Amino acid sequence: MTPTLTLRQYQVEAIETWKKRGAYGCIVLPTGTGKTWVGLEAIRQEVYEKKGKVAVIVPTIALAYQWRQKIQQHLKITPTLFYGDEKRISPVTIFVINSAYLYREQLSNFSLVVIDEAHHLSAPKWSTLLSQLDGKRVLGLTATPEKTPLPVVYYMSIPKARQQQAVVNVRIKPVFVSLTPEEWYAYQDIDTEIKKTAMVLESAKKRGDRVAQASLETRLQILINKRKQLTSLARNKFEILKDIVHQHPGEKILIFTESIESAEKARKTLVRFGVSAQSYHSLLPQNTRKALLDLWGKSFKVLIAVRCLDEGIDVPEVATGIIIASGKSTRQLVQRLGRILRPHPGKQLATMYVVIAKGTYEHEVLNKLVRIAYSY
């Protein structure tokens, strides 16, 4: 018996619009609105109605397992993984993006390719995958269309998703702290270097000096990261962090920052004040990270993440987030906000605290997050 899926009206509209546009393009839905369900319906139609074969490309192994579980549960299909030691082709095959790139000739076996978190294709290396997909149906899924090389065929903003009751209401609560004198002087030095480097880079671009441009772009990124690391470790942010957490006793809370050092400092600060907390970052083994997600809400309440949880995690019960530090990327801010917007029984409102160092670039982060939440 062919399985059926119950979709919301906007999900049906999204997939029908994609089909009308030649079954080639990207569907943009905010995190928490059911992008995966759209992908599942496309797979269902391809396998059961068109008798085709499907490749699903994801950015991480965690997402590969998540897709496999949902395909098994809802479509009654057991997909194979094409990753690591397991590289088998079947009617539905899930690729982690690096394996898809290294073995891209395998994509010729499929009639439909579903690309989750399709904004990753903006990287020059991954964008070459699209050249392997000529003549195939391609469905990209993302919450952030920024630089996605696939044409956007359907778009829903966060405010529109709220109108559809696809995500919960959200409030953005800024919390302002001062840098210490030492931090302020260090910040000013880095910020001055950033402005100087940006000016020289612009001049190199106008001259068409590609060698100088490449060198200056690298230096500029190093300086921007250095500035971000400095604000992520601002002493007064950790003094205020415990006060914010204590306003939400017993809740699962997700904290975002930009460095492992900052995450560990936050964890130690909270533990010192009697708050059960753990940090989650890329240096932890995969099995440890999985265990932390399983234990979150049971043996500890606060999880502090360094980018690893910006996308791909489904925690609808979490209604409170705290940003200690962030970049200004629209993609990152959309993903972070999306972690707390998923509907859940009894959940009416999500709150994102943004801890801002006064007089720094972080005011731009706050302003951008507000635009995303209410008018993006």
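Which residue in β5 is the bridge partner of Phe-82? The partner is Phe-95. The structure is a predicted model, in which local features need pLDDT of at least 70, side-chain atom pairs count only at pLDDT 80 or more, and totals for chains, interfaces and linings use all residues. Residues are numbered from 1 along each chain as its sequence is written, and side-chain values use heavy atoms, with hydrogens and water left out.

The sheet is a place to start. Strands of a sheet pair through backbone hydrogen bonds, in either a parallel or an antiparallel way. Here eight strands form an open sheet with mixed pairing, in the order β4-β3-β5-β2-β6-β7-β1-β8. Strands are DSSP runs of E with at least two residues, helices are runs of H or I with at least four, and both are numbered from the N terminus. Two strands pair if DSSP finds at least two bridges between them. The edges are β4 (86-87) and β8 (152-155); each has a single partner strand, so one side of each has no neighbour in the sheet. Strands β3 (residues 80-83) and β5 (residues 92-96) run parallel and are joined by three bridges.

Next come the helices beside the sheet. Helix α1 (residues 9-20) lies across β1 (24-28), β6 (112-116), β7 (137-142) and β8, and runs at about 165° to β8. Helix α2 (residues 35-49) packs on the sheet and touches β1, β2 (54-58), β5, β6 and β7, its direction making about 165° with that of β7. Contact means heavy atoms within 4.5 Å. Axes are lines fitted to C-alpha atoms, for helices over the stretch in contact, and angles run from 0 to 180 degrees between N-to-C directions.

The last topic is charged side chains. There are 17 salt bridges in the structure, a salt bridge being a side-chain nitrogen of Lys or Arg within 4 Å of a carboxyl oxygen of Asp or Glu. One of them joins Lys-195 and Asp-191 (3.3 Å, N to O). These two residues are four apart in helix α7 (residues 181-207), so about one helical turn separates them. Lys-195 is exposed, at 51% relative accessible area, whereas Asp-191 is buried, at 10%. Buried means under 20% relative accessible area, exposed over 50%, and partly exposed in between (1.4 Å probe, protein chains only).

Another salt bridge joins Glu-362 and Lys-237, with the closest N and O atoms 2.7 Å apart. This pair links distant parts of the chain, 125 residues apart: Glu-362 is in helix α13 (residues 362-374) and Lys-237 in helix α9 (residues 235-246). Both Glu-362 and Lys-237 are buried.
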